[in-house]
Amino acid sequence: MLRTIDISQGSYSARQLRGIVPRGHQSVDSMLDTVRPIVEDIARRGAEAALEYGEKFDGIRPPSLKVPREVCDKAAADLAPDLRAALNTAIGRVRAVHEAQRPDDVTVTLAPGATVTQKFVPISRVGLYVPGGKAVYPSSVIMNVVPAQAAGVEHLVVASPPQKDNGGYPHPTVLAVCSLLGVDEVWAVGGAQAVALLAYGDEGLEPVDMITGPGNIFVTAAKRLVRSVVGIDAEAGPTEIAVLADSTADPTQVAYDLISQAEHDVMAASVLITDSPELARAVDEKVEELYTVTLNHERVAEALTGEQSAIVVTADLEQSIATADAYAAEHLEVHTRDAAEVASRITNAGAVFVGPYAPVPLGDYAAGSNHVLPTSGSARYSSGLSTLTFLKHVDVIDYTAEAMEEIADDVIRLSVEERLPAHGEAITARRGDN
């Protein structure tokens, strides 16, 4: 079912491997001309325009764009007890990890009376986008809200598409988690129009300073268009999993993990990287056997047979590791002998899942880590959502007259070298002999 790419007979550079390992192609550029008029219209007309686009694309106009708090609280009250317990467990674990990420301010004393302090300040107001559509994503509420709260963000807005089946409000489980987390501002708006409204605001709807959260290509295009107005976390592409495995891996477990990621979207990527041809054949057979049992088997089949999914057969473990690093997967599972040691050698991945008992779905929900991760190879240079995403650092420079005098001549020399003499004169004007 999965096509096979055999690189075991060759030696390849990182550049070559990036071209060999399969990856789907989603062109955000191609969507900009479609999305730009929506963003510009909402910048001009605000909420009314957003509601009109919501009615057009989602088929429903919510009773109010701001979801009343009592609607969220009722959704929480209506949760089944076992679901409430599962959500609270996930919230607790994600909070424990993200509160531990909060850095302390750092002060460096360079000389008597000369200090530089790096202090961490939370973003004031953040918009958190939670998708709708093919699935329900209460986990995305947790993964966005909890790190923002851990960072100390004071004002949070969750935006999620209105739903016909919920009277024009977002999905009740999404609203319930907002209530459990104490989010008191929820907007019933989705897609590109949500991103634009978060960025520009309207009367009674304050704009945000930063927008985070995953979404489809229209959401991603809108985030690109507003990134000069607000900060964004990343431009998320289709989700992806790579499994780095050797002959010790269980083919049934690997097959289920590839299938589980493929059910997200027809563009989802599932890639097995292995130096065992026997495992490659066994996994492919298991995928063919098992994929039909899932509710979303048609979506799974399209994803697994797409250009973005494949089995890559390598010469040995070293080539497997090099291939995984070149691919820089959003999610990387390691199913090998000494899996922890192999995982420690990986440098490019959004998150690394070690051994047979740490599958990706654990991280999707309740491992404690964040599931908003870099895609499309961007794990080579960026990180997933965390508490740090919602913090900015500010340098505070504090010098006495004596401390400035100690360094004054060096600053003046450097200003002369750069032909910016007024910089040096600003120092001279403060010297005691002037």
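Start by selecting Val106, Val108, Leu110, Ile397, Tyr399 and Ile407: together they make a nonpolar patch on the surface with about 530 Å² of accessible area. A patch here joins nonpolar side chains (Val, Leu, Ile, Met, Phe, Trp, Tyr) within 5 Å, using residues with over 30% relative accessible area and no salt bridge. Accessible areas come from the Shrake-Rupley method with a 1.4 Å probe, and for residues only the protein chains shown count as cover. Two elements, β2 (106–111) and β14 (391–399), each give two or more residues to this patch, and β2 gives the most, with 3 residues. Strands are DSSP runs of E of at least two residues, and helices are runs of H or I of at least four, numbered from the N terminus. Click on Val106 in strand β2; this residue is partly exposed, at 43% relative accessible area. Buried means under 20%, exposed over 50%, and partly exposed in between (1.4 Å probe, protein chains only).

A word about what is on your screen: this is a predicted model, in which local features need pLDDT of at least 70 and side-chain atom pairs count only at pLDDT 80 or more, while totals for chains, interfaces and linings use all residues. Residues are numbered from 1 along each chain as its sequence is written, and side-chain values use heavy atoms, with hydrogens and water left out.

**Into the interior**

Next, select helix α7 (residues 172–181). Of its 10 residues, 8 are buried, so the helix is largely enclosed by the rest of the structure.

Leaving out residues up to four places away in sequence, Leu181 touches Ile91, Arg95, Val141, Ile142, Val145, Val146 and Gln149, where contact means heavy atoms within 4.5 Å. Leu181 is also among the residues with the most contacts inside the largest nonpolar core, which has 40 residues. Such a core is a set of buried Ala, Val, Leu, Ile, Met, Phe, Trp, Tyr and Cys residues joined through side-chain atoms within 4.5 Å. The largest share of this core, 7 residues, comes from α6.

Tyr53 is buried at 16% relative accessibility, whereas Phe57 is partly exposed at 46%.

**Salt bridges**

The last stop takes in some of the 22 salt bridges, each a side-chain nitrogen of Lys or Arg within 4 Å of a carboxyl oxygen of Asp or Glu. Select Asp246 and Arg337, whose side chains meet at 3.5 Å, N to O. Asp246 lies in the loop between β9 (240–245) and α10 (251–262), and Arg337 in the loop between β12 (331–335) and α14 (339–344), so the pair ties together parts that are 91 residues apart in sequence. Then go to Glu405 and Arg431, with their closest N and O atoms 2.5 Å apart. Here Glu405 is partly exposed, at 34%, and Arg431 is buried, at 16%.

Notes
Patches are made of residues with over 30% relative accessible area and no salt bridge: like charges are joined within 9 Å, nonpolar side chains (Val, Leu, Ile, Met, Phe, Trp, Tyr) within 5 Å.
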